[in-house]
2 protein chains.
Amino acid sequence: MTEPPAALIGIDWGTSSFRAYRIDGTGRVLAARAAAAGILSVADGDFASVLQREAGDWLADGLPVLLSGMIGSRQGWLEVPYCALPAGLPELAGSLIRHPDQPRLHFLPGLARLPADAAPDVLRGEEAQLLGALGEASGRQLAVLPGTHSKWALVEDGRIAWFQSFMTGELFAVLRQHSILGRLMAGDTHDAGAFQAGLDYARRGPGGLLGRLFSARTLGLFERLPATGLASYLSGLLIGTELAEALGGDVPEDDRAVLLIGTSALVERYAEALSAFGWPSRRSPPDIAAKGHYLIARTAGLLP
Amino acid sequence: MTEPPAALIGIDWGTSSFRAYRIDGTGRVLAARAAAAGILSVADGDFASVLQREAGDWLADGLPVLLSGMIGSRQGWLEVPYCALPAGLPELAGSLIRHPDQPRLHFLPGLARLPADAAPDVLRGEEAQLLGALGEASGRQLAVLPGTHSKWALVEDGRIAWFQSFMTGELFAVLRQHSILGRLMAGDTHDAGAFQAGLDYARRGPGGLLGRLFSARTLGLFERLPATGLASYLSGLLIGTELAEALGGDVPEDDRAVLLIGTSALVERYAEALSAFGWPSRRSPPDIAAKGHYLIARTAGLLP
């Protein structure tokens, strides 16, 4: 059986992972690959060799290649300036940067939010996922991309209008591995009851995270939670705090079904957490970054 | 010149440090010693040898010895059950535990707060400092003990009525050493302007810590703060968040001059932070733990 002709190679190249998609002229993903070849693992900035190694056979056709993620950062292959908000398909398509020596390589910009009254915020890579899911949608949609730094975004009529980064996942990791909270924790199994207990505590007022973190130790000391539940409890406390911050703040409430983007186990945790907070959620389809690559490439006129 | 006769040896023995005080019959500190001999550094639970090494010459007189801090925890020499709140000199004096083989060694209990609607909280060691400063005072006083886990406490007519632990100091350390936030940071010099910028951001609403932490990176990325100021900024953001949580929550406001207990550089930071929040503060005298040891020993009838 002959594979349908490909029209585009999409590469989602982040800090710790590399994902490649072979995409046809209608946006369908013909093949996908993933490798632990994030930009931090690339020696001497030799990104060209890594791309050749991971997807060289796909490059032989001379197809256009769209690259998103930290590959377009200062630590990556070629630094692409941030694009301002609101940013939709036309803005991103118009901000692609071609590699000077390999003009079929097109790098996507990240996004910057520069509020007058707060610190800047940035993302790189999530814009392809957000526009893959919502770049052609109308109306207003709140989306969440769980991860090391989870991103909340508001997309209005196909344009990313606002986003915010939460360091929840990284905070969980450093507290578990390097703080006193990790010392009582045992095992890696998810404990649904302990996770809910963490969510519940986060939802209750008054108080805040700094004064609550120690509970992930004391509940163990007083044997109110088993050692095997303390990590799930901390995860619930942190994700719950993120939800309380995000949903209690600036985010409008006129469309309450949150779109969860991603495929990790963390997405399931966020769905449970949103549900505990009374917010319904729905999931994006898989390979949504590839869809974003396709829509942006099509808007930029890169497809045959 | 002859040293006045000592009446008590006080030992403040925590996780990472050992402090010993030779105290006379009026509560005056005749001599003080400190060593990096915290309980985590003691091999094979041989606390007796470490005590002998660090203060053996003081022990020769057969004086009573009062020990406070993590030495009385499960990881220490002898586990002393937590004392409930409110706890003043009579409660702590009545909760001392003697070492079964060395009856002149008296171990102080820690304190537990067990609210019906929240997680338990505990402290060990700070009770001696709090009662040293306020065990004989009348009225109501809010006190803060900055540290790895800072403690806020309310003392009413000489009794500790409430306290709360904030993991602020440890969070700063793990974020600086192990998270992406540390990567842009340079140098160890305090940057007063950056510290204030962190305080300011913490004080402003709406929003919370998880959504603000990333600013300690983006302000560097956008060159709004120098790399040498980012650690001070993060410190200000965290301490400011702690203050916003503590002062905005349950703590009564009827005595607004906060007592700061401790001698580290961190105490100066908390004083600056309280001032930025409009709260005056005052400092406790040094060696306040020794004063606590003295008052508790006297109340327990241990002094000659």
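This is a predicted model: local features need pLDDT of at least 70, side-chain atom pairs count only at pLDDT 80 or more; totals for chains, interfaces and linings use all residues.
Local features require pLDDT of at least 70 and side-chain atom pairs count only at pLDDT 80 or more, whereas totals for chains, interfaces and linings use all residues. Residues are numbered from 1 along each chain as its sequence is written, chains are lettered from A in the order in which they are written, and side-chain values use heavy atoms, with hydrogens and water left out.

The size of an interface is often given as the accessible area lost when the parts come together. Here chain A and chain B bury about 4000 Å² between them, with 68% of it on carbon and sulfur atoms; buried area is the accessible area (1.4 Å probe) lost on putting two parts together, summed over both. On the side of chain B, the residues that lose the most area to chain A are B:Met167, B:Leu210 and B:Phe214, together 18% of what that side buries. Each chain contributes 49 residues to the contact, where contact means heavy atoms within 4.5 Å.

Between the chains there are 17 residue pairs in polar contact, both residues being at pLDDT 80 or more. A polar contact is a pair of N or O atoms within 3.5 Å; within protein, one must be able to donate a hydrogen and the other to accept it, and residues adjacent in sequence count only if both atoms are side-chain atoms. The count of salt bridges (a side-chain nitrogen of Lys or Arg within 4 Å of a carboxyl oxygen of Asp or Glu) is zero.

Several elements of chain B each supply at least two residues to the side that touches chain A, among them β11 (159–166) and α7 (230–248). Helix α4(B) gives the most, with six residues. Helices (H or I, at least four residues) and strands (E, at least two) are DSSP runs, numbered from the N terminus.

Helix α4 (residues 168–178) of chain A also meets α4(B): their axes come within 10 Å and cross at roughly 105°. Axes are lines fitted to C-alpha atoms, for helices over the stretch in contact, and angles run from 0 to 180 degrees between N-to-C directions. The two helices are therefore roughly perpendicular (65 to 115 degrees). Among the residues making this contact are A:Leu171 and A:Val174 of α4(A) and B:Leu171 and B:Val174 of α4(B).

Within chain B, helix α3 (residues 126–134) packs against helix α9 (residues 288–299) at an angle of about 80°, with axes 7 Å apart. Helices α3(B) and α9(B) are therefore also roughly perpendicular to each other.

Notes
Angles under 35 degrees count as roughly parallel, over 145 as roughly antiparallel, 65 to 115 as roughly perpendicular and the rest as oblique.
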